[in-house]
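Thanks for coming, everyone. I have one structure to show, and I will keep it brisk. Here are the sequence and the model.

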Amino acid sequence: MHIAEEKLKTLLVESGAVTAQNFESASEEARRAGQEVVNVLVGRGDLPEYYLVELLKKYFEVPSVDLRTIGLSVKVVEMIPESYAKSEHVVSFNYDEGKNLVKVAMIDPTDYDVINFLSHKLNVSIEAHITTTESLQYGLRQYKQTLGEDFDKVIQNNVQKVIAASGEQDLIKLAQAVPIITILDSIIEQAMQLNASDIHFEPLPKELLIRYRIDGELHEVLSLSKSVDSILVARVKVLADLQIDEHRVPQDGRFRFNLEVGGSIDIRVNIMPVLNGEKVEMRLLKVSTRPLSLEELGLSPTGVEIINREIQKPHGMILVTGPTGHGKTTTLYAVLTILNTSKVNITTIEDPIEYEITRVNQTQVNIRAGITFANGLRSILRQNPDIIMIGEIRDNETVDIAVHAALTGHLVLSSLHTNDAPSALPRLLDMGAPAFLLASTVNLVVAQRLVRKICQLCVESYSTTPEMERLIKAQLSLANEGHIQETPKILYKGKGCNACGGTGFKGQVGIFEIFLVDEDIRQLLLKLASVREIKAKAIEKGMISMFEDGLKKVEKSETTIEEVMRVVRE
């Protein structure tokens, strides 16, 4: 961006947007990472991008635009070639034929090289508007409105030709053919533009179904010809360095994919034989993604304070619990980021490694090579670690080693599958950990779920119905909840708009239960008390249940009551 760093600092600090300390910290991080300081500030959550746009709009004396709130004409958008729009981060959104004027949205409205090029290329006057990254990405997605039709054309015009030209069903040759490469690349690009976390290839008797998981929910996006099924799966296997001729056993792999715009992503692959072929699951992991802070995850100020206090203890165990796909690893990475300093040795054993963290020694579970959680953990203890992160506690052996590690001067972080936080202690007892050892080691348990966030561009309120009020009270009663005195009278939902694709939701946020293991809880544990007794004591001492945390987010219009009920209803 064409603004001197010192001038930017003055602008941001004088406006109260950031502190001088935060700016200096971001500036140092930007130099290390080779990024612009504004990108670091926005990425860390120190500076909301919409607020930055408002400040720069006044500084540069240019108008602003949010492309998500206006009706975009694909014809106008396509006045700028797609490749140029993506490489230069510019979208045309309005053409005034009478004035021969084109309005364009830009992240940097002072990039005069782009403005002058477009003016000469289109033979029009250009009026630059500043916009946010999210708004720009929405505009760029207009180039992909006919994705399904494009796929059909590619398949009809090219795939059969490739098969015929091969003379035989040589999957390696077919997997490297241009049409197949184009199909897979387009599927991944579209998934990234829609902020999908996963891509599923599901073989059906007469077709191959493509589904994306967006904000936690699966959406059918495409149906491909059955003839391309095995070839597309073979293409994934080639990229992930898997055995193409193995169709009977599951396979796991990983590859890096270079995006047209926005760098690259790591893709974790699992292929499973099913009735009609092989099912492919691809997890999309952004290489440049910065681990989220505890606040960005959705933790309350009180929850952040408790976690920050407990993770500073030199030994003990901190657990994160919840179902698969509800962000446990993301929370553990957020904690590791806080703890990751030059003064400590952090070592992890994970299955799989989702994101690379600088200065953290990360080990991948590899059953074939004899690296299990238990074996890996034994080796880690000989590496003189201060902090150990175990991706998941799955068996008695891992529990035993983890508990003894926590007893011998190590801080141990791990995840566990339980319905709520207090259930973690009885679960560890069931896995063979002695009660007296657990009472001495477990410091904190965080239970969590992910709920979809209401799109803030189309949020609307409505009065709570008597039936919903009854359901809320019933849930509070089941949860032994005693902190909420009144049910909310006003609820919120998303009406549906261009920005959220008509769903009313955009993004996800966590709801949490912070269970602090203090002396009273330890005494209950030693007496082998039931989960109900332990939970009742925790609530008595101030623990906020996941349902109550969710209800607070409902009252703040962050999510809907239906979403909270969906993930925590008892």
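I will go through confidence, then a cavity, then a handful of individual residues.

First, the ground rules. This is a predicted model, so I use local features only at pLDDT of at least 70 and side-chain atom pairs only at pLDDT 80 or more, while totals for chains, interfaces and linings use all residues. Residues are numbered from 1 along each chain as its sequence is written, and side-chain values use heavy atoms, with hydrogens and water left out.

Confidence next. pLDDT is the predictor's own confidence in each residue, on a scale from 0 to 100. The protein averages 87. Of the residues, 91% score at least 70. The lowest confidence is in helix α9, residues 147-166, with a mean of 53. The highest is in strand β10, residues 316-321, at 96. When I say helix or strand, I mean DSSP runs numbered from the N terminus: H or I for helices, at least four residues, and E for strands, at least two.

Now the cavity. How many cavities of 30 Å³ or more does a search of the whole structure find? The count is 1. The largest cavity holds about 60 Å³ of space. Its lining includes Ile307, Ile311, Leu413 and Leu444. Ile318, Val320, Thr331, Leu332, Val335 and Val446 are also among the lining residues. Elements giving two or more residues to that lining are β10, α15 (328-339) and β15 (442-454). The largest share, 3 residues, comes from α15.

For the method: on a 1 Å grid over the protein atoms alone, a cavity is a set of points where a 1.4 Å probe fits but cannot get out, and lining residues have an atom within 4 Å of a point. Grid points are joined across faces, edges and corners, and the volume is the space filled by probe spheres set on the points.

Stay with α15 for a moment. Tyrosine 333 sits in that helix. Is tyrosine 333 buried or exposed? Buried, because its relative accessibility is 3%. The cut-offs are under 20% relative accessible area for buried, over 50% for exposed, and partly exposed in between, with a 1.4 Å probe and protein chains only. The tyrosine 333 side chain makes a polar contact with the side chain of glutamate 350, at 2.3 Å. A polar contact is a pair of N or O atoms within 3.5 Å; within protein, one must be able to donate a hydrogen and the other to accept it, and residues adjacent in sequence count only if both atoms are side-chain atoms. Tyrosine 333 and methionine 389 are 56 residues apart along the chain, and their C-alpha atoms are separated by 9.2 Å.

Over to β15. Asparagine 443 is in that strand. It counts as buried because its relative accessibility is 6%. Leaving aside neighbours within four places in sequence, asparagine 443 is in contact with, among others, Glu310, His315, Met317, Phe515 and Arg522. Contact means heavy atoms within 4.5 Å.

Next, the region around α8 (133-140). Its buried residues are Ser135, Leu136, Tyr138, Gly139 and Leu140. They pack against α5 (74-77), α6 (82-88), β1 (90-96) and β2 (101-106). The glutamine 142 side chain reaches the backbone oxygen of tyrosine 138 at 2.9 Å. Glutamine 142 also touches Leu72, Val74 and Val77, not counting residues up to four places away in sequence.

Isoleucine 181 lies in helix α11, residues 178-193. With a relative accessible area of 23%, it is partly exposed. Isoleucine 181 touches Ala175, Gln176 and Arg235, again not counting residues up to four places away. From isoleucine 181 to aspartate 400, the C-alpha separation is 47 Å.

Which loop holds aspartate 241? The one between α12 (229-239) and β7 (251-258). Aspartate 241 has a positive phi of about 60 degrees, although it is not a glycine. It is exposed, at 70% relative accessibility. Leucine 528 lies in the loop between α21 (519-526) and α22 (531-540). Its phi is near 55 degrees, also a positive value in a residue other than glycine. Leucine 528 counts as exposed, at 59%.

Methods: On a 1 Å grid over the protein atoms alone, a cavity is a set of points where a 1.4 Å probe fits but cannot get out, and a pocket is an open set with protein on both sides within 12 Å along at least five of seven lines; lining residues have an atom within 4 Å of a point.
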